[in-house]
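Welcome! Here is a short briefing to read alongside the sequence and the 3D view.

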Amino acid sequence: MPLEIKSRPGFKINARELKQIYVCFLKFSKIKKDPSVSLAFVDQKEIKQLNKIYRQKNRPTDVLSFGSRESQAIPGESDLGEILICYFVAVSQAKASGHSTAAEIKILLIHGLLHLMGFDHKNIKEQKRMKNAEQKICSMLN
């Protein structure tokens, strides 16, 4: 169950905890194979640039998910894709929400993983479905 984590010096990342989240996600999703996911922690400049290119939104965002072309047609393929989390946006959102940066990163990782599996939140029905999945994975962690 490879979760490749890339981070910059100074970013406080708990790789062991992130891998536990990934294991819970795999149990939730019932993927038969052990797919790989690349998780990268980036700065605001990089995520803003990618958000502008891929979502036409000229501002930093908290998380972006890019599904692997091979896995988009067949869930459970060997490479699910890549998740980018903006560390500084996560820190800011954590402070605003009154929880730790680690808790915010957990939420963002789960959110990004669900996007790789085809979950979305473009309408109320999809929002509820995604929120329920996020809550189930969080409860599995506790």
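Residues are numbered from 1 along each chain as its sequence is written, and side-chain values use heavy atoms, with hydrogens and water left out.

**Confidence**
- The protein averages a pLDDT of 88, and 92% of the residues score at least 70; pLDDT is the predictor's confidence in each residue, from 0 to 100.
- Confidence is highest in helix 4, at 96, and lowest in helix 3 (residues 69-73), at a mean of 50. Helices (H or I, at least four residues) and strands (E, at least two) are DSSP runs, numbered from the N terminus.
- Where pLDDT is low, the predicted coordinates should not be read in detail.

**The nonpolar core**
- The largest nonpolar core has 30 residues, and Phe25, Ile83 and Ile85 have the most contacts inside it. Such a core is a set of buried Ala, Val, Leu, Ile, Met, Phe, Trp, Tyr and Cys residues joined through side-chain atoms within 4.5 Å; buried means under 20% relative accessible area, exposed over 50%, and partly exposed in between (1.4 Å probe, protein chains only).
- At least two residues of this core come from each of helix 1 (15-29), strand 2 (36-42), strand 4 (79-86), helix 4 (87-97), helix 5 (101-116) and helix 6 (124-141).
- Helix 5 gives the largest share of this core, seven residues.
- Apart from this core lies another, of eight residues, including Val42, Ile47, Leu50 and Leu84.
- Leaving aside residues up to four places away in sequence, Ile85 touches (heavy atoms within 4.5 Å) a set of residues including Leu39, Phe41, Ile47, Val63, Ile105 and Leu109.

**Helix 6**
- Met130, Ala133, Glu134 and Ile137 of helix 6 are buried.
- Seen down the axis, the buried residues of helix 6 fall within an arc of 100 degrees (taken from the directions from the helix axis to the C-beta atoms), so they line one face of the helix.
- An α-helix has 3.6 residues a turn, so residues three or four places apart point the same way.
- Helix 1 and helix 5 are among what covers the buried residues of helix 6.
- Ile124, Lys125 and Lys128, on the other side of helix 6, are exposed.

**A loop residue to look at**
- Gln56 lies in the loop between helix 2 (44-55) and strand 3 (63-67).
- The phi of Gln56 is near 55 degrees, a positive value in a residue other than glycine.
- Gln56 counts as exposed because its relative accessibility is 61%.

Conventions
Predicted model: local features only at pLDDT ≥ 70, side-chain atom pairs only at ≥ 80, totals over all residues.
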